[in-house]
Amino acid sequence: MDYEAFIREQVDELRRTVGDQTAINALSGGVDSSVVTALGHQALGRQLKTVFVDNALMREGEPQRVLKTFSDMGIPVELVEARRDFLSALKGLTDPEQKRQAVTDTFYKTVFGKLVRQSGARFLLHGTILTDIEETVAGIKRQHNILAQVGIDPEKAYGYHVLEPLKGLRKDGVREVAQLLRLPAEVTRRIPFPGPALAARIVGEVTEERLATVRAATAIVEEELAGTGAFQYLAVLLNDYATGIRNNKREFGQIIVVRCIESTDARTADVTELPWSTLHRLSERITGIPGVNRCLYDLTPKPPATVEYV
Ligand code: XMP
């Protein structure tokens with residue numbers, strides 16, 4: 001495929017479709033929404049409003065990092081502070097599906113839906129790719145009707161349009177386009193990170209305190225394993241406690257699981273054979289996090305396990 005031509009065609013198409021109106025999109029920092037943002041701004045400039053929602057579930061420094069990446073490219077992104085909305089929606093929830101639903105609903109209905117309506121934009125840019133469509137058709141993914149998700153009935157609210165410039169591409173194509181658009185390597189080579197963010201890595205209730213624990217563990221895992229070239233690596237906070245000993249005192253502490261996998265498309269995965277010295281260092285650093293006294297390495301491939309824990 002001629003990706004230069006693809007970019008030209010999509011830019012022309014976006015300009016033709018949006019005309020002198022305005023469009024809006026949400027940037028998560030992942031490669032798909034980053035490419036849509038860069039492509040959209042190339043086509044529409046100030047007619048496109050891009051928002052980044054701080055949902056309290058991000059990794060250490062992530063909102064600042066994403067905003068800086070785009071401001072370095074001359075693309076303005078508006079940071080929308082919505083931490084309380086997400087934390088209160090997650091309060092008391094322990095069921096994995098309910099937690100995922102709470103994150104999705106808060107994002108689309110409460111936060112982004114309101115922004116779309118307030119912005120007066122008639123066009124919504126979305127980073128749907130071919131794989132998303134195929135997996136929805138195959139029943140692997142839930143149906144993502146973005147307008148329905150933001151609480152807009154396209155029949156009643158006549159005039160809303162969803163534009164999906166990447167819907168003909170798979171991930172490798174998106175990465176090619178990302179490079180041509182000069183997105184930095186931290187975006188194009190970013191390891192997969194789930195939509196529900198750190199909420200997918202906390203078994204049990206998501207609280208600010210538990211988020212801080214898994215966030216600290218995630219930072220350690222990403223730092224120690226960045227050089228492995230593995231497909232994905234992550235930290236998970238379990239809902240169990242175990243007895244340990246610190247400063248000669250018995251304590252009932254939290255448990256972090258480290259997961260590191262080899263895969264091509266995340267549909268199946270094998271566990272990375274990490275050197276013992278790396279595992280040892282991980283364990284030492286992770287048990288230095290306040291309240292954590294055990295660190296486990298997950299040996300389970302997918303299937304039967306999934307990559308995430310929630
Ligand atoms: P599982 O846990 O289903 O994950 O084996 C497979 C791959 O998908 C990522 N993942 C998600 N990505 N939204 C995303 O964009 C999600 O809700 C989501 N859940 C899981 C996961 O990190 C892994 O790479």
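Me: In which loop does A266 lie?
Reply: The model is predicted: local features need pLDDT of at least 70, side-chain atom pairs count only at pLDDT 80 or more, and totals for chains, interfaces and linings use all residues. Residues are numbered from 1 along each chain as its sequence is written, and side-chain values use heavy atoms, with hydrogens and water left out. Elements are DSSP runs numbered from the N terminus, helices being H or I of at least four residues and strands E of at least two. On that numbering, A266 lies in the loop between β7 and β8 (270-271).

Me: Is A266 buried or exposed, or in between, and what is its phi?
Reply: Buried means under 20% relative accessible area, exposed over 50%, and partly exposed in between (1.4 Å probe, protein chains only). With a relative accessible area of 23%, A266 is therefore partly exposed. Most residues other than glycine have a negative phi. A266 is not a glycine, yet its phi is positive, near 70°.

Me: Which loop holds A197, and what is its relative accessibility?
Reply: A197 also has a positive phi without being a glycine, about 55°. Its place is in the loop between α9 (185-188) and α10. A197 counts as buried because its relative accessibility is 1%.

Me: Which residues does L57 touch?
Reply: Contact means heavy atoms within 4.5 Å. Residues up to four places away in sequence are not counted here. What remains is L90, V103, P196, A197, L198, A199, V206, L211 and R215.

Me: Which members of the largest nonpolar core touch the most other members?
Reply: A nonpolar core is a set of buried Ala, Val, Leu, Ile, Met, Phe, Trp, Tyr and Cys residues joined through side-chain atoms within 4.5 Å. The largest one has 51 residues. Those touching the most other members are L57, F112, L124, V221, L225 and I286.

Me: How many residues are in the second, separate core?
Reply: Its members include V11, L27, V77 and L169. The count for this core is 34 residues.

Me: Where is L296, and what separates its C-alpha atom from that of V257?
Reply: L296 is found in strand β9, and is partly exposed because its relative accessible area is 40%. Beyond four places in sequence, L296 touches L238, I255, I256, V257 and V258. V257 is 39 residues away along the chain, but the C-alpha atoms are separated by 4.7 Å.

Me: What is the radius of gyration of the protein?
Reply: The radius is taken over C-alpha atoms, and the globule rule is 2.2 Å times the number of residues to the power 0.38. For 310 residues, a compact globule would have a value near 19 Å. The protein agrees with this, at 21 Å.
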